[in-house]
Amino acid sequence: MLAIFLPLHFLALSQALIGEGALDAFLAWTQQPLLKASEIALVFLLAAHLTGGLRLLVIEFVGWHSEAQKAMLAAAGGVAAFCALLFALNLV
């Protein structure tokens, strides 16, 4: 998803350089429900990647505990979902 997002982001920046009308047309196109849903999914996946990486760092430096793994995995998923929810509520 990030590989698709980055070219679109660069396209938006190039539209801003072209002029105000071009940027407004591009921003109007981004108001489609499918694009908003994909943005929310992208934020969720990036937050899940971040929290999963932090969980692995804790495992590496603190040690492996099977009981704590379930709690850390649930916390990572919860934080990712919370970030996506905050982003979604900000879009409304």
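# A tour of two domains

Domain 1 covers residues 1-31 and domain 2 covers residues 32-92, with bounds that come from an automatic or database domain assignment. This is a predicted model, in which local features need pLDDT of at least 70 and side-chain atom pairs count only at pLDDT 80 or more, while totals for chains, interfaces and linings use all residues. Residues are numbered from 1 along each chain as its sequence is written, and side-chain values use heavy atoms, with hydrogens and water left out.

**Between the domains**

Next, select the residues where the domains meet: six residues of domain 1 are in contact (heavy atoms within 4.5 Å) with eight residues of domain 2. The two domains bury about 710 Å² between them, 69% of it on carbon and sulfur atoms; buried area is the accessible area (1.4 Å probe) that two parts lose on being put together, summed over both. Now colour Met1, Trp29 and Gln31, which supply 66% of the area that domain 1 buries against domain 2, more than any other three residues.

Three residue pairs, both residues at pLDDT 80 or more, are in polar contact between domain 1 and domain 2. A polar contact is a pair of N or O atoms within 3.5 Å; within protein, one must be able to donate a hydrogen and the other to accept it, and residues adjacent in sequence count only if both atoms are side-chain atoms.

**Thr30**

Move to Thr30, in the loop between helix H2 (20-29) and H3, where helices (H or I, at least four residues) are DSSP runs, numbered from the N terminus. Thr30 counts as buried because its relative accessible area is 18%, and buried means under 20%, exposed over 50% and partly exposed in between (1.4 Å probe, protein chains only). The side chain of Thr30 reaches the backbone oxygen of Leu27 at 2.6 Å, and, leaving aside neighbours within four places in sequence, Thr30 is in contact with Leu35 and Lys36.

Then select Thr51 in helix H3 (residues 33-62), which is buried at a relative accessible area of 11%. Its side chain reaches the backbone oxygen of Ala48 at 3.3 Å; beyond its neighbours within four places in sequence, Thr51 is in contact with Ala76, Val79 and Ala80.

Finish at Gly78 in helix H4 (residues 66-91), which counts as partly exposed because its relative accessibility is 37%. Gly78 and Met1 are 77 residues apart in sequence and 21 Å apart in space, C-alpha to C-alpha.

Terms used. Helix = DSSP H or I, 4+ residues; strand = E, 2+ residues; numbered from the N terminus.
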